[in-house]
Amino acid sequence: MKHNEAMSRARQERVRSAEKERLPVPTLQALIRRSALEWRLTFDALDFPLLLLEMDGRIVRMNEAARALAGVTFEEAIHRPLGVLGSGQPWGTVHDLLAEMDASGVRAGAQTQEERGRVWDVAISPVTGPDGDRWGIVVILDITERVRLQESLRRSETMSAMGALVAGVAHEVRNPLFGISATLDAFEARFKRRIEYRRYLDVLKERVGRLNELMQQLLDYGKPPRLDLSPAAPREVMAAAAVACAPLAAKAGVEIALDVAPDLPSPLLDRNRVVQVFQNLLENAIQHSPSGARVAFRATLAPISPAAPAASAGTAVRFIVEDSGPGFRPEDLDRAFEPFFTRRRGGTGLGLSIVQRITEQHGGEIAAANLPGGGAVMTVTLPLASGGRG
Amino acid sequence: MSARILVVDDEESILSAIREYFGPLGYEVDCARELEEAEALLAHVRYALLIADLRLTGSQSAEGLELVRFARERSPWTRIILLTGYGSVEVETEALGRGVDAFLQKPQPLAHLADIASELMRAGA
């Protein structure tokens with residue numbers, strides 16, 4: 001800002017002194033060229049795309065960020081129709097907004113998402129050109145991160161409200177549930193020799209066990225977002241989860257293979273909750289693996305988000321669980337973290353929701369995908385210093 | 001010699017199930033549904049073990065902790081098992097700090113409850 005003010009002051013002084021001294025034409029031309037260069041440098045220094053358009057869509061000017069986003073040279077774009085910048089977003093929206101502004105005569109704006117997932121805020125405002133013709137000045141802002149944070153915040157607010165409700169319900173259910181299970185225990189102790197009761201008892205006990213598991217998961221899901229953070233060595237946390245899953249793995253004939261990159265730093269974690277995250281992911285992987293298969297559990301250093309600039313590389317630890325099962329159905333990938341969504345018989349559909357919740361509480365990210373050769377891959381990225389989001 | 005137990009819960013089915021289950025194991029079981037009733041019994045009867053719900057009479061307060069405080073003062077020889085439908089780590093820490101011997105989640109298999117009970121009484125004897 002100061003720099004700009006200084007530039008503008010300097011220019012005014014030059015104009016004043018030019019008037020006073022009645023400078024020769026070549027000197028004035030040099031000043032004008034210099035001034036044009038200053039403005040171009042200023043525009044190019046802005047890190048968001050900026051374009052000046054004629055009403056028929058031809059490009060009058062654009063800055064370096066706009067050129068880089070479109071992936072064209074200035075020669076290919078200047079004085080050419082908007083179409084040369086490409087047909088995808090945000091250019092399609094620019095085209096639509098130009099027509100809207102042409103009709104209304106006032107500023108037009110919209111948000112749009114491109115295929116790769118970036119979200120753009122596009123606005124076009126009317127300006128009057130030097131010959132009195134109408135132009136549009138287009139400002140394009142990348143709001144991907146802002147939208148992501150808003151979504152995460154909204155989800156966490158919904159979660160807090162739902163968590164309190166769910167915890168209340170789970171408690172109220174657990175009391176009568178204990179009444180049922182205790183009565184069954186007393187009944188079994190008294191009539192254990194009556195073989196004809198056996199099958200009824202087995203069904204009832206199995207159902208009570210399932211209800212109890214559901215209640216436990218609901219309580220985990222609804223747990224308040226207070227984290228007990230301390231530095232935790234990735235290998236130790238991963239090993240704890242693997243040990244907890246060992247009986248299930250042995251039963252399924254599946255091997256868990258740990259692969260931890262050397263010299264990984266210790267992120268700030270709520271250790272017990274992250275062990276639960278890994279345990280849920282490993283259990284899923286084991287349950288979907290054929291007998292004799294291996295589940296790969298790896299940890300590497302990574303940037304916080306795939307979209308994050310390279311400067312922040314190495315500020316997170318990425319944990320990856322891969323199985324060789326059937327993978328997700330393509331249509332299920334978007335719903336994998338939805339509460340109560342499951343394809344597994346007897347599953348509550350809360351496992352991945354809990355995993356997502358704990359990951360986000362740590363300011364981390366989670367993604368579900370399929371491997372090209374089959375099998376599911378779950379990626380949890382946890383920042384070294386937790387964002388501690390609610 | 002049979003050990004005497006006091007079970008405190010506002011859920012009738014829990015009381016009768018524990019009484020039926022623990023009776024044949026050689027315990028004499030008394031039941032109470034409310035804090036005052038439980039305190040009156042504790043003040044007059046020598047119990048080897050108290051099994052209590054953290055929350056009584058459907059209130060949001062932790063009446064079980066109040067009962068623990070009373071039992072620790074008036075009946076120091078009684079071992080205490082606290083049961084809860086929703087125990088946070090904070091409540092568990094507080095309960096153990098107040099002298100609760102075991103803090104368990106509901107529901108709990110009665111066989112497990114009986115194991116813990118006999119262990120506590122062996123240790124306390």
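Which residue in β5(A) is the bridge partner of Pro126(A)? The reply is given in point 3, with the rest of the sheet.

1. The model is predicted. Chain A contains ten helices and twelve strands, while chain B contains five helices and five strands. In chain A, 30% of the 390 residues count as buried. For chain B, the buried residues amount to 38% of 125. In chain B, 61% of the contacts between residues at least 6 apart in sequence join residues at least 24 apart.

2. The five-stranded sheet of chain A. Five strands of chain A form an open sheet in the order β2-β1-β5-β4-β3, and the pairing is antiparallel. The edges are taken by β2 (59-62) and β3 (108-113); each has a single partner strand, so one side of each has no neighbour in the sheet. On average, neighbouring strands of this sheet are turned by 20 degrees against each other, direction ignored.

3. Strand β5(A) and its two partners. β4 (residues 119-128) and β5 (residues 134-142) of chain A pair in the antiparallel sense over nine bridges. Within this pair, Gly136(A) in β5(A) is the bridge partner of Pro126(A), which settles the opening question. Ala123(A) stands opposite Val139(A) in β5(A). Val139(A) is also the bridge partner of Leu50(A). Strand β1 (residues 50-54) of chain A is joined to β5(A) by five bridges, and these two strands run antiparallel.

4. The β4-β5 hairpin. Five residues lie between the strands in the hairpin of β4(A) and β5(A). Gly132(A) in this hairpin has a positive phi near 85 degrees.

5. The α6/α7 pair of chain A. Helix α6 (residues 144-191) and helix α7 (residues 198-221) of chain A have axes that come within 10 Å and cross at roughly 155 degrees. Angles over 145 degrees count as roughly antiparallel, and α6(A) and α7(A) are therefore roughly antiparallel to each other. Their crossing is left-handed. On the α6(A) side, the residues that meet α7(A) include Val166(A), Ala170(A), Val173(A), Leu177(A), Ile180(A) and Leu184(A). On the α7(A) side, Leu201(A), Leu204(A), Val208(A), Leu211(A), Met215(A) and Leu218(A) are among them. The contact of α6(A) with α7(A) has 15 nonpolar, two polar and three charged residues. Arg174(A) and Glu188(A) in α6(A) and Lys205(A) in α7(A) are among the residues that meet here.

6. Leu218(A). This residue is found in helix α7 of chain A. Is Leu218(A) buried or exposed? Leu218(A) has 24 other C-beta atoms within 10 Å; the cut-off for a buried residue is 20 or more, so Leu218(A) is buried. Apart from neighbours within four places in sequence, Leu218(A) is in contact with Val166(A), Ala170(A) and Leu350(A). Val166(A) and Ala170(A) lie in α6(A). Gly351(A) is 133 residues from Leu218(A) in sequence, and the C-alpha to C-alpha distance between Gly351(A) and Leu218(A) is 9.7 Å.

7. Chain B, order of elements and the α2/α3 pair. The elements of chain B, taken from the N terminus on, run β-α-β-α-β-α-β-α-β-α. The axes of α2 (residues 35-44) and α3 (residues 63-74) of chain B come within 10 Å and cross at roughly 15 degrees. Angles under 35 degrees count as roughly parallel, and α2(B) and α3(B) are therefore roughly parallel to each other. α2(B) passes α3(B) in a right-handed crossing. Leu35(B), Ala38(B), Glu39(B), Leu42(B) and Ala43(B) in α2(B) meet residues of α3(B) including Leu67(B), Phe70(B) and Ala71(B). By class, the contact of α2(B) with α3(B) has seven nonpolar, no polar and four charged residues.

8. The contact between the chains. How many residues of chain B are in contact with chain A? The contact involves 16 residues of chain B and 18 residues of chain A. On the side of chain B that touches chain A, α1 (12-22) and α5 (110-124) of chain B are the elements that give two or more residues. α1(B) supplies the largest share of that side, six residues. The residues of that side divide into ten nonpolar, three polar and three charged.

Conventions. Residues are numbered from 1 along each chain as its sequence is written. Chains are lettered from A and ligands numbered from 1 in the order in which they are written. This is a predicted model: local features need pLDDT of at least 70, side-chain atom pairs count only at pLDDT 80 or more; totals for chains, interfaces and linings use all residues. Two residues are in contact if their C-beta atoms, placed from the backbone, lie within 7 Å. Helices (H or I, at least four residues) and strands (E, at least two) are DSSP runs, numbered from the N terminus. Ala, Val, Leu, Ile, Met, Phe, Trp, Tyr, Cys and Pro count as nonpolar, Asp, Glu, Lys and Arg as charged, and the others, Gly among them, as polar. A residue is buried if 20 or more other C-beta atoms lie within 10 Å of its own, exposed if 12 or fewer, and partly exposed in between; C-beta atoms are placed from the backbone. Axes are lines fitted to C-alpha atoms, for helices over the stretch in contact, and angles run from 0 to 180 degrees between N-to-C directions. Angles under 35 degrees count as roughly parallel, over 145 as roughly antiparallel, 65 to 115 as roughly perpendicular and the rest as oblique. A crossing is left-handed if the near helix is turned anticlockwise from the far one by less than a right angle, and right-handed if clockwise. Two strands pair if DSSP finds at least two bridges between them.
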